[in-house]
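Visitor: I am new to this structure and would like to learn how to read it. Please take me through some features one at a time.

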Amino acid sequence: METQAPAEDSYDKLVEEKRAREKEIDAWLPITSSRNAKWWYSAFHNVTAMVGAGVLSLPYAMAQLGWGPGVVILILSWIITLYTLWQMVEMHEMVPGKRFDRYHELGQHAFGEKLGLYIVVPQQLIVEVGVCIVYMVTGGKSLKKFHDLVCKDCKSIKLTYFIMIFASVHFVLSHLPNFNSISGVSLAAAVMSLSYSTIAWSASAAKGVKENVEYGYKAKSTAGTVFNFFSALGEVAFAYAGHNVVLEIQATIPSTPEKPSKGPMWKGVVVAYIVVALCYFPVALVGYWMFGNSVDDNILETLEKPAWLIATANMFVVIHVIGSYQIYAMPVFDMMETLLVKKMNFRPSWYLRFVVRNFYVAATMFVGMTFPFFGGLLAFFGGFAFAPTTYFICIAFGVCLMVLSPIGGLRTIIIQAKDYKFYS
């Protein structure tokens, strides 16, 4: 018996050391390092995550869907995504004493340790990295539009350079350690999203209905109309996508058995969804009503006057997508840093974080510069990965979206790529 005690002691010591190391790593990782968020953090993080540049493509999506289907799909998407979001908020602490702080942890609980990772992580990465790439393009395009409106006599500058200017902000901001530290950026972004949405629909309304406006489908062939319809479904899915970061946002809210995190989280979600409705419905309906099927895939490009107002709106878009990029990048940083520290045994340090995050920003910048097809990217990523992660809890609807919208999005990319020159 005497020989067994030291063995038990050393085993207990090992377990203690392992727990201490895990605690130290959790205190360093971006998702779990800070748990003192208030309910209003949830509100503006969710607004920033959801009301993205996708709102500006809603009138264009309406033009491809038509009045009847367009209105139905907009309202259905609002209801379904609010319902699936409520389910996720409830699931965050459905196992007593455990919190599903990350999307893939919920996947592992549902499908098993390995299968859960294989099912969820690729989709989540496609969504989050995809959004960051699309926002690189959006930020660059909005900066270019601002420059062209403010300085009409200036020499034209390539979009590539504007994407690099936009990325330079993220080389600084991406070093904020966790979700709570980006709450100021996120709040500014949420205010901007409401501001530029209001400018988009009010400027459209002030301009009045366009002469000879047409509400019929733009495509000449039936096949073109059908593909455009699929593509528009993806654009709407992209506009309603914020679920991929919901569990991570909820992880930052404190929780006790008496006061679980789902209370304040849900309060924030409801406020966020009211803001979403105030942004989406007026932009989609007023924009389409005024311009019909001649509207661009970004409503601000259709509105050219008054120049100062449209320039301001574009600057608001830039500030908003800066915040959105950070919200979607944070879970990716968390995944990369978890892999390096837990699986590859790197020491948690500032220079590991410095290298990882700069690499990620540079990679998304490079891809955004290479493929800046805004509308097609929205539809492709929207359908391919947002549908499963946002709508799948309503399975039939999610499957249809996942299969159909990427087809339309890919066709749009192919058509736009015909006349495209790299880094022009």
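Visitor: How is the packing of two helices read, and what angle and distance do α4 and α11 show?

Guide: Helices here are DSSP runs of H or I with at least four residues, strands are runs of E with at least two, and both are numbered from the N terminus. Axes are lines fitted to C-alpha atoms, for helices over the stretch in contact, and angles between N-to-C directions run from 0 to 180 degrees. In this predicted model, local features need pLDDT of at least 70 and side-chain atom pairs count only at pLDDT 80 or more, while totals for chains, interfaces and linings use all residues. Residues are numbered from 1 along each chain as its sequence is written, and side-chain values use heavy atoms, with hydrogens and water left out. For α4 and α11, the packing angle is about 170° and the axes are 11 Å apart.

Visitor: Which orientation does that make for α4 relative to α11?

Guide: Angles under 35 degrees count as roughly parallel, over 145 as roughly antiparallel, 65 to 115 as roughly perpendicular and the rest as oblique. So α4 is roughly antiparallel to α11.

Visitor: Which residues in α4 and α11 meet?

Guide: A contact means heavy atoms within 4.5 Å. On the α4 side the residues include Trp67, Val71, Leu74 and Trp78, and on the α11 side they include Met265, Trp266, Tyr273 and Trp289.

Visitor: How many helices and strands does the protein have?

Guide: There are 16 helices and zero strands. Of the contacts between residues at least 6 apart in sequence, 84% join residues at least 24 apart.

Visitor: How is burial read, and what percentage of the residues in the protein is buried?

Guide: Buried means under 20% relative accessible area, exposed means over 50%, and partly exposed lies in between, with a 1.4 Å probe and protein chains only. Buried residues account for 53% of the 424 residues here. One case is Gln108, in helix α5 (residues 103–111), which is buried with a relative accessible area of 14%. Leaving out residues up to four places away in sequence, Gln108 touches Glu113, Gly116 and Leu117.

Visitor: How many residues of helix α3 are buried, and what covers them?

Guide: Helix α3 spans residues 58–65, and seven of its eight residues are buried. Those seven are Leu58, Pro59, Ala61, Met62, Ala63, Gln64 and Leu65. Their cover includes α4 (67–91), α9 (222–239), α11 (262–291) and α12 (299–302). After α3 comes Gly66, with a positive phi near 90°.

Visitor: How is a salt bridge read, and how many does the structure hold?

Guide: Side chains of opposite charge can pair when their charged atoms come close. The cut-off is a side-chain nitrogen of Lys or Arg within 4 Å of a carboxyl oxygen of Asp or Glu. The structure holds 10 salt bridges. Among them, Glu337 pairs with Arg353 at 3.1 Å, N to O. That pair links distant parts of the chain, with Glu337 in helix α13 and Arg353 in helix α14, 16 residues apart. Glu337 also forms a salt bridge with Arg357, where the closest N and O atoms are 2.9 Å apart. Here too the link joins α13 and α14, over 20 residues of sequence.

Visitor: Are Glu337 and Arg357 buried or exposed?

Guide: Glu337 counts as buried because its relative accessibility is 0%, and Arg357 is likewise buried at 0%.

Visitor: What accessibility do Glu93 and Arg99 have?

Guide: Glu93 and Arg99 meet in a salt bridge at 4.0 Å, N to O. Glu93 is partly exposed at 23%, whereas Arg99 is buried at 16%. Elsewhere, Arg102, Glu105 and Asp334 are linked in a network of salt bridges.

Visitor: How is an aromatic pair read, and how many does the structure hold?

Guide: A pair of aromatic rings is described by the distance of the centres and the angle of the planes. Rings of Phe, Tyr and Trp (its six-membered ring) pair if their centres lie within 6.5 Å; planes under 30 degrees apart are stacked, over 60 edge-to-face and the rest tilted. The structure holds nine aromatic pairs. In one of them, the centres of Phe333 and Tyr360 are 5.6 Å apart and the planes are at 85°, so this pair is edge-to-face. Phe333 lies in helix α13 (residues 307–343) and Tyr360 in helix α14 (residues 350–370), 27 residues apart. Phe333 is buried at 0% relative accessible area, and Tyr360 is buried at 5%. Ring pairs also link Tyr325, Phe333 and Tyr360 into a cluster.
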